[in-house]
Structures are given as C-alpha cells and as structure tokens.
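Please look over the sequence and the structure shown here before reading the briefing.

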Amino acid sequence: MLLLMLGGASKPMLVPDVSQRSVEIQYSFTGAELLLFGAIVYPDGRPLRDSADIVVVLKGPIQSITMREKQKVAGVWVNAASAHFRSAPSYYAMASSRPIKDIVDERTAAIYELGVRNIQLSPSSLNVTDEIERFQTGLVDLRRRTGLYVEEPGTVEITDGVLYRARLPLPARVIVGTYTAETFLIQDGRVLAAAVREVEIRKSGFERFVATAAEDWSFLYGLTATGFALSLGWIAGYAFRRK
C-alpha cells in the first residue's frame, strides 16, 4: 500500500519526527534541546536535481496578550498607549538550511510565518499601521531577549538531499501545552511539501500536583494557599517579636 501511494505521488513528501514527543517540566528544569529530523521521500526515489531547502518551525500555544507603553508624566511613570494581540505564540523557534531571505520572497514568508517578523499576531486594539508595527516589534524584541523567540538560519543539516536534522532550544520559561513542529521543503521559492508533528510539554512531580489542584479544586486550593501564607506571616511575626 505504501509503495503504491509513493508511486502515484507527483511531489516529494516529508516524513518528520522529533527526539521527544513529551517534555516533562520539574522544579529543576533549566531548559532542553529538541532534535527535529526526518527524511524527504521523492516520487521516483531520486532526489531533486537542483538542491532544495528545509525550514523547521516550533510553535508554542497561542496567547492573548496586551502590550502597554509607559510614559513619564510629572515625574511619574504611567500607562499610555496599549495594543492587544489575539494570537501571539508563547514560543516560536525557526531553523533553516539558509537565511530565509535567500529561500523565499517576503510574501511566501508571511503566508507560512517563516521568521519572527512574519508571525501573525492578529492585533485588535489599534488601527494605525505605524502603531501596530511599533508594538509588534516591541513584543518580538522582548520575547527574543527572554529566549522565547528564536531564529537560527543556516543550522539545518541536509544529508544527500534526503535526510535532514535541526536542533532547537527550549528555555526554562516555556509554558505547558501542545507545541507544533512544522517542516517545510522549499525549492525555487515554492513550498513543495509540509508536515507537522506535535510535542507535549507538561509539568511532572510536585509541580504537576500543584497545577492539577489549582485547576480541579480551585476553591480548596485557594483556601490552602491563603492559610499557608497566613501561617508563614504569623511564624515570621512571632520570630521577630522574640528578637
């Protein structure tokens, strides 16, 4: 059946995978590295005569986020303009066999969201294009500095035009949820094939217990957390009175 499918295919196919389908986060989690790898399957079993490029993109769960701008008024910093984005990836990392500008044009890069500057953030609170671009640039730069938005051009290794591999970092600040690992096969500026794999990032151990308790027994969790905080305050006050 597989041979028949491949024999009737007119375009190359991607067979991707990741080194870890599930990443466990514990209190000692300091980050990890994912290996994205796979193979390019050609209709006639032979690689393309002209070389092709591979781009891999790892995205975290979508978040709704509001960016606020600070202004100094009468010596006091206050909130000024703001922008709301409905679909900001909590994490975005891209690796490519060459710089994106050498692989596709700006339109194609925007369609497939190749590169942090092409992420579709879906702004909803501003109508002025210059304002939107300013806040979007600020959000991207902020997440770049914290390691949540990453670009690594020229790091995808392609062997014999068939096998590929790339490594992408997962910082300690990543949130739990389902991540998507997308792979694109590109030649002459056109996307010939694309494929997706999912990666689950979840808490484990005591962190998982706390997260589950907060979600499933929110009222009891709130009472426990309040009681714990009051107890710590009472103990600290008692210790200082004795001194």
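This is a predicted model: local features need pLDDT of at least 70, side-chain atom pairs count only at pLDDT 80 or more; totals for chains, interfaces and linings use all residues.

Residues are numbered from 1 along each chain as its sequence is written, and side-chain values use heavy atoms, with hydrogens and water left out.

**Aromatic pairs**

- The structure holds 3 aromatic pairs, where rings of Phe, Tyr and Trp (its six-membered ring) pair if their centres lie within 6.5 Å, and planes under 30 degrees apart count as stacked, over 60 as edge-to-face and the rest as tilted.
- One of them joins Y92 and Y149 edge-to-face, at 6.3 Å centre to centre and with 70° between the planes.
- Y92 belongs to strand 7 (residues 92-96) and Y149 to strand 8 (residues 149-153), so this pair links distant parts of the chain, 57 residues apart (strands, E, at least two residues, and helices, H or I, at least four, are DSSP runs numbered from the N terminus).
- Both Y92 and Y149 are buried (under 20% relative accessible area, with exposed over 50% and partly exposed in between, using a 1.4 Å probe and protein chains only).
- The pair of Y112 and F184 is edge-to-face because the ring centres are 5.5 Å apart and the planes are at 70°.

- An open sheet of 4 strands has the order 1-3-10-9 with antiparallel pairing, where two strands pair if DSSP finds at least two bridges between them.
- Strand 1 (13-18) and strand 9 (157-159) are the edge strands, each pairing on one side only.
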